[in-house]
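The points are grouped by topic.

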Amino acid sequence: MDNLIVIFSGILLIGFVYWFFFGKREDMVFSGKTIEIVVEGGYKPSVIKIPKDQETTISFLRKDKNSCLEEIVLPDFKIKEYLPLNQKIQITITPKEIGEFSFHCGMNMFRGKVVVV
């Protein structure tokens, strides 16, 4: 009986570890024209999906006082913008290629992704 309890507990522990490390999913939002991203302890949502060749406006609202999040950088679109606290900043992009393009804070500690389909 003790062996069964140990085996069952081990299986549960392995399942939990697998779920904790590999089961997390990224927040993803599919958008047509406008997307709102809240900047608070990172980017929410952290992954956005937009269509190729369509002008899309991304609105960033920074609620976090962390100085690292004061700036948003979209290197593939050559955009670097200051994000004042509690103010919406709109960035408009028109992606010409399909793929995944990262964005990050000024220190590259917090990251997100633009998926172009």
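In this predicted model, Val114 touches Ile48, Ile50, Ile93, Gly99, Glu100, Phe101 and Phe103, leaving aside residues up to four places away in sequence. Val114 is also one of the residues that touch the most other members of the largest nonpolar core.

**Nonpolar core**
- The largest nonpolar core holds 22 residues, and Ile37, Tyr43, Phe60, Ile72, Phe103 and Val114 touch the most other members.
- Two or more residues of this core come from each of strands S2 (34–39), S4 (47–50), S5, S6 (71–74), S8 (88–93), S9 (99–105) and S10 (111–116).

**Salt bridges**
- The structure holds two salt bridges.
- Lys88 and Glu36 are joined through their side chains at 3.1 Å, N to O.
- Because Lys88 belongs to strand S8 and Glu36 to strand S2, this pair ties together parts 52 residues apart in sequence.
- Glu100 pairs with Lys113, with the closest N and O atoms 3.6 Å apart.
- Glu100 is in strand S9 and Lys113 in strand S10, so this bridge ties together parts 13 residues apart in sequence.
- Lys88 is partly exposed at 45% relative accessible area, while Glu100 is exposed at 55%.

**Ser59**
- Ser59 lies in strand S5, residues 56–62, and counts as buried because its relative accessibility is 3%, under the 20% limit.
- Beyond four places in sequence, Ser59 touches Ile35, Glu36, Ile37, Lys88, Ile89 and Gln90.

**Surface patch**
- Leu13, Phe16, Val17 and Trp19 make a nonpolar surface patch of about 430 Å².
- Phe16, in helix H1 (residues 2–22), is partly exposed, with a relative accessible area of 46%.

Terms used
Residues are numbered from 1 along each chain as its sequence is written. This is a predicted model: local features need pLDDT of at least 70, side-chain atom pairs count only at pLDDT 80 or more; totals for chains, interfaces and linings use all residues. Side-chain values use heavy atoms; hydrogens and water are left out. Helices (H or I, at least four residues) and strands (E, at least two) are DSSP runs, numbered from the N terminus. Buried means under 20% relative accessible area, exposed over 50%, partly exposed in between (1.4 Å probe, protein chains only). Contact means heavy atoms within 4.5 Å. A nonpolar core is a set of buried Ala, Val, Leu, Ile, Met, Phe, Trp, Tyr and Cys residues joined through side-chain atoms within 4.5 Å. Patches are made of residues with over 30% relative accessible area and no salt bridge: like charges are joined within 9 Å, nonpolar side chains (Val, Leu, Ile, Met, Phe, Trp, Tyr) within 5 Å. Accessible areas come from the Shrake-Rupley method with a 1.4 Å probe; for residues, only the protein chains shown count as cover. A salt bridge is a side-chain nitrogen of Lys or Arg within 4 Å of a carboxyl oxygen of Asp or Glu.
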